[in-house]
There are 2 protein chains.
Amino acid sequence: MMDFLEEPIPGVGTYDDFNTIDWVREKSRDRDRHREITNKSKESTWALIHSVSDAFSGWLLMLLIGLLSGSLAGLIDISAHWMTDLKEGICTSGIWFNHEHCCWNSKHVTFENRDKCPEWNSWSQLIISTNEGAFAYIVNYFMYVLWALLFAFLAVSLVKVFAPYACGSGIPEIKTILSGFIIRGYLGKWTLMIKTITLVLAVSSGLSLGKEGPLVHVACCCGNILCHCFNKYRKNEAKRREVLSAAAAAGVSVAFGAPIGGVLFSLEEVSYYFPLKTLWRSFFAALVAAFTLRSINPFGNSRLVLFYVEFHTPWHLFELVPFILLGIFGGLWGALFIRTNIAWCRKRKTTQLGKYPVVEVLVVTAITAILAFPNEYTRVSTSELISELFNDCGLLDSSKLCDYENRFNTSKAGELPDRPAGVGVYSAMWQLALTLILKIVITIFTFGMKIPSGLFIPSMAVGAIAGRLLGVGMEQLAYYHHDWAIFNSWCSQGADCITPGLYAMVGAAACLGGVTRMTVSLVVIMFELTGGLEYIVPLMAAAMTSKWVADALGREGIYDAHIRLNGYPFLEAKEEFAHKTLAMDVMKPRRNDPLLTVLTQDSMTVEDVETIISETTYSGFPVVVSRESQRLVENARKKQDGVVSTSIIYFTEHSPPVPPYTPPTLKLRNILDLSPFTVTDLTPMEIVVDIFRKLGLRQCLVTHNGRLLGIITKKDVLKHIAQMANQDPDSILFN
Amino acid sequence: MMDFLEEPIPGVGTYDDFNTIDWVREKSRDRDRHREITNKSKESTWALIHSVSDAFSGWLLMLLIGLLSGSLAGLIDISAHWMTDLKEGICTSGIWFNHEHCCWNSKHVTFENRDKCPEWNSWSQLIISTNEGAFAYIVNYFMYVLWALLFAFLAVSLVKVFAPYACGSGIPEIKTILSGFIIRGYLGKWTLMIKTITLVLAVSSGLSLGKEGPLVHVACCCGNILCHCFNKYRKNEAKRREVLSAAAAAGVSVAFGAPIGGVLFSLEEVSYYFPLKTLWRSFFAALVAAFTLRSINPFGNSRLVLFYVEFHTPWHLFELVPFILLGIFGGLWGALFIRTNIAWCRKRKTTQLGKYPVVEVLVVTAITAILAFPNEYTRVSTSELISELFNDCGLLDSSKLCDYENRFNTSKAGELPDRPAGVGVYSAMWQLALTLILKIVITIFTFGMKIPSGLFIPSMAVGAIAGRLLGVGMEQLAYYHHDWAIFNSWCSQGADCITPGLYAMVGAAACLGGVTRMTVSLVVIMFELTGGLEYIVPLMAAAMTSKWVADALGREGIYDAHIRLNGYPFLEAKEEFAHKTLAMDVMKPRRNDPLLTVLTQDSMTVEDVETIISETTYSGFPVVVSRESQRLVENARKKQDGVVSTSIIYFTEHSPPVPPYTPPTLKLRNILDLSPFTVTDLTPMEIVVDIFRKLGLRQCLVTHNGRLLGIITKKDVLKHIAQMANQDPDSILFN
């Protein structure tokens, strides 16, 4: 069966839910608008001011998006930090302080025990007035799990009741929307409000998820809502998508403190139509957002993220071997994660499991919290864990990971040579290994639940743990065996050869790359975190290896896999269509189907047309010169109320003179699209797919020898691609 | 007159000089190739290895391009440095040392007089054995001018005799080539060799030009030549252009030590077709090039460029006012430069002046050298000048620009408060002002001469001087008037408020932006030079202002202006086509012209076709069902030798059974393009331009009611755009 895409009456310009927009039409509408304003601007001063303000409205919008998304990100950071600490205890000098701020303000704190101050009371201190002994431990344990369950319950209930679209990371849906589809309410004010609140709750509950992906969704909601203030963007779906691309860049910018990386992420990963003008504006929005967040200073370190690092030791060429190993690990983890996560999500969709989202979230939260509390590396928030793993051990670091022997015995000021690991390091290694296993398993079940959940942070944590383990291993190897051939040329005794923190960072990049298949943007984000050009090469080596390994095991990144799982109508711009089918194999009607329903140019009456419209479900019809030749003329638009039932409808420019006593004719030329796109029936589908992709078409007419044979819609193309990839073509959502 | 684009016999796949390539065909050829290799790879191990090596050949190619262009850039840097110093004198401890290296190796050098050592002999010392007195000065002056003239003469002669394409910056031509045109020899080995040599000569001659633009050309030559080693790229013009885009990124990467900036430059400024795969590969090539250059270490500072800086003082919000002023200056300079330079280049093209390139170069060199020698800021190479201007005065800086009063009287170690300017600073200001005027005037006449000449460095120098002047002015203002309302909130007495070096950098960005209209890439390049995220905002403010001011005074950047001046057939991807013309206004034949020459599907004989081919100058013809209906079927390809003259040519799939005793029929279906692109005659030209741009078409058929009316070629589109912009449409070079 053939069906046309819903097309509104021209001038109204609205699309229905889950429909595709017509990029060509939207763009030419904007061009008309622009032309009109430019022409008018010569007439009066007022029109000139209007024209200038119109030109600058894009920049103003970017400024507002940057300010709003930066502020929201700051708010989320601060509240999540406070609520995460609430699971452990409370500050008596002010309930609104988190653990760190509480002890900053304290006079009783020493440098060695920065974390401990009398003002900060754990729950056991508050309830049973002690922090010692097994019972206190159990009280704290119980309160930790209780708060986690409470936060998770609130998050999932709010999502379920108020804004079902607020769940997940939102990136697959944003990709779909940017490719030209309409999902009503996905970027609305309710989604924004609920997503912001539940994101804080979800992160605080200690589940294995991050806030980075959802921040992109939050920024896009800001962009979409702010579009309503500007005529230019409110009424034009194509222009609005330019704004959304920029908002996505701002989202990543605040998530990682990486404005350039954010722009490249938007370009590489989420955007579909990305003209150069958008690049410049995205950059502006990303910068404003980053600086807004920095002036809020949520982490008190003048940085935008918790895990900013500076390394000082150069790396050696031989170290590329472990870096590439980390890349392979990242690729394997990525492929494994995508497969198992998709399998689990499919199970959730198809079985009873999907009907109890609240129970599911509570069970996963309970398991996570119960397993997490005893291990100090799982108890802290994942960003803090990553921050600690990235950190290069300094002279004054008191963490277990830096508990090397002779650690105050340094040769030169500030420089720490490789040393044998102490007891603390060994116990940290064990705990980290357990953390790694827990994170790997629990993340698979967490991502896809009905709460806001990002993947960046859990993936990075997995990689950072693996990297740190390998890094410490390499360091000890180099320390004890610095006479080995592989070390002795560059690593003398007592020198600082290996930086385990760099390994953690490389591992994080590799795992993130394996899951998302990001390339340039990943390396640039990581580069902006370290700030040193010399570490790009290790990062790039790991990211490349990871992508190759993961691609060999499965072509799709996690976002594309989720798009396919949910059946979103997304026309992938990166994949080449590799099959040798022709346009005639895809067009409707097929060879044996009834002929295409068409309207003739000048012989049908209003009644005829109304009959056709009521008998079929389509909303657009091709208009031909006559039914006999069915020669292609134009593609008609939706019905318009006729004059009387027997009026003849003319789609031609000049209707013949009307004989007296016949009903007046109805001219419908103005609702015709006079420039439909046509291809011949023998055009290879790879070219047709390319045309749909590059021009953003909704439909395309197929001709043979100039005669109209059929029509190909975006839906047909998507179904055909699914079919060629051995997928169920009916799984694609499309009205 | 209508004329078709030269189209080769299918399978041969070569294009003539100054013709456009057919992106759609090239891409589908590559897809076929890829499909074939993939299918074969399942058959044997050898084919599998072939398939894998084919997949990795792109990466290998990128590696080679990075290595080669990095090495060449290192070579150019070292030789240019040495030859620039040769104008002043010679090192007696080794003729191959430049001034700096010469004195590094010397034992007789003190820290205060780093530049002076007995091993370095100026020409007066060598010739008249003294460096004192007026006569020695005249000898040095004379030698300086003489060497400059010699270098310039060699450069222009080599270019003229061996490789006329080696002149200029090459970026306009590379943009044209990347947009799909063929300029034979422009990226050949002769051009590479001569451009490398003459670039060194031109830079050393002291002319107001830089090596950064030409380095892009050099890198593209490397890319093009290396393409010949790989079947995949040698035979496919579209694939080759992907490589060239990456090579351009590598060129900028080594020119500015900014790999990310290089990739964005390639994306924003030069490239036309830039799929995401290319982004990742470009990044790889840019990184390899940067690291190759760094391991060569041409400047002995472990940096890729001479003017890398690190600032330590934050900037204040109020300083945005002077930064925006610098942006306005940059915009004005950009617009002025483009206008005057284009006017002068047009004069050169149209008058006798153009016939004496050698004389022109020698005259400009002589004037530059004579005016440059007395002023120490014009005597040094422009990169050194920029490096000095960007530099933040440290405690031990001995340059005149750092000659402040009480300059060893510092409060805290390493931190220098604002101080009153000393005599040295005042005299430096005067010299810099003179330098500014000289640079502004002489650059206009230099860019466009028949030698390799880049614009980046002279533009940056102009901006850096203006910025430094303003910066020192602001600094003194803040020192003497720190009680003014604008200063007293943030600038107390004895504090380090203003960094004049930052002003120089912002000014450089503004001027470069005004001339080239780069945006994101400009800011990212500058960011990579400073390495601090906090200075992005001033840079961005200046770059934005500069672009707006310059755009208000003239839409085109210098490269687009030169493309238009030279009549290169370039279809601008950034500019919207804003006119309301229709396809029927552009297509050939026009309304009153004779009908379109067509071939019929199955009734013409070989003789008929040969007659048509010999009578007309076209190389492709549309094939229609019959002459009466002229219904569009297909677009025929070039002539193929017939059977006998009276054979009937069939373009259909099945020819009817041949009656006995008639000549055998000739079937030509396989040379037909069965999927031509068609639009209706009422399609707005803005959509047609968009289709040509996005799909990279060569021609497009125009139909009305299914009947073939005419054809639009890329040349027609370009001519129409020129006409609409009130330019001479015949100025466009196109075979």
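The structure is a predicted model.

The size of an interface is often given as the accessible area lost when the parts come together. For chain A and chain B, the buried area is about 6200 Å², and carbon and sulfur atoms supply 71% of this area. Chain A contributes 67 residues to the contact, and chain B likewise contributes 67 residues. Every interface residue of chain A (100%) is also an interface residue in chain B, so the copies meet through the same surface.

Superposition describes how the copies are arranged. Chain A is brought onto chain B by a rotation of 180 degrees, with 0.0 Å of shift along the axis and an RMSD of 0.0 Å. The two copies are therefore related as by a two-fold rotation axis.

Side chains of opposite charge can pair when their charged atoms come close. Four salt bridges are found across the interface of chain A and chain B. A salt bridge joins A:Arg35 to B:Glu686, with a separation of 3.2 Å between the closest N and O atoms. Four residue pairs are in polar contact between chain A and chain B, with both residues of each pair at pLDDT 80 or more. On the side of chain A that touches chain B, helix α12 (residues 276-296) of chain A provides the largest share, with eight residues. By class, this side of chain A comprises 39 nonpolar, ten polar and 18 charged residues.

Over all chains, the structure contains 44 salt bridges. In chain B, B:Lys239 forms a salt bridge with B:Asp30, and their closest N and O atoms are 3.8 Å apart. Because B:Lys239 belongs to helix α10 (residues 237-256) of chain B and B:Asp30 to helix α1 (residues 23-41) of chain B, this pair ties together parts that are 209 residues apart in sequence.

Two disulfides are found over all chains in a search of the whole structure. A disulfide is formed by A:Cys91 and A:Cys102, whose sulfur atoms lie 2.0 Å apart. The torsion about the S-S bond of A:Cys91 and A:Cys102 is about 80 degrees, and the disulfide is therefore right-handed. A:Cys91 is located in strand β1 (residues 89-91) of chain A, whereas A:Cys102 is located in helix α3 (residues 99-104) of chain A; the two cysteines are eleven residues apart.

Conventions. Residues are numbered from 1 along each chain as its sequence is written. Chains are lettered from A and ligands numbered from 1 in the order in which they are written. This is a predicted model: local features need pLDDT of at least 70, side-chain atom pairs count only at pLDDT 80 or more; totals for chains, interfaces and linings use all residues. Side-chain values use heavy atoms; hydrogens and water are left out. Contact means heavy atoms within 4.5 Å. Buried area is the accessible area (1.4 Å probe) that two parts lose on being put together, summed over both. A salt bridge is a side-chain nitrogen of Lys or Arg within 4 Å of a carboxyl oxygen of Asp or Glu. A polar contact is a pair of N or O atoms within 3.5 Å; within protein, one must be able to donate a hydrogen and the other to accept it, and residues adjacent in sequence count only if both atoms are side-chain atoms. Helices (H or I, at least four residues) and strands (E, at least two) are DSSP runs, numbered from the N terminus. Ala, Val, Leu, Ile, Met, Phe, Trp, Tyr, Cys and Pro count as nonpolar, Asp, Glu, Lys and Arg as charged, and the others, Gly among them, as polar. Copies are superposed by least squares on the C-alpha atoms of residues with pLDDT of at least 70 in both. A disulfide is a pair of cysteine sulfur atoms within 2.5 Å.
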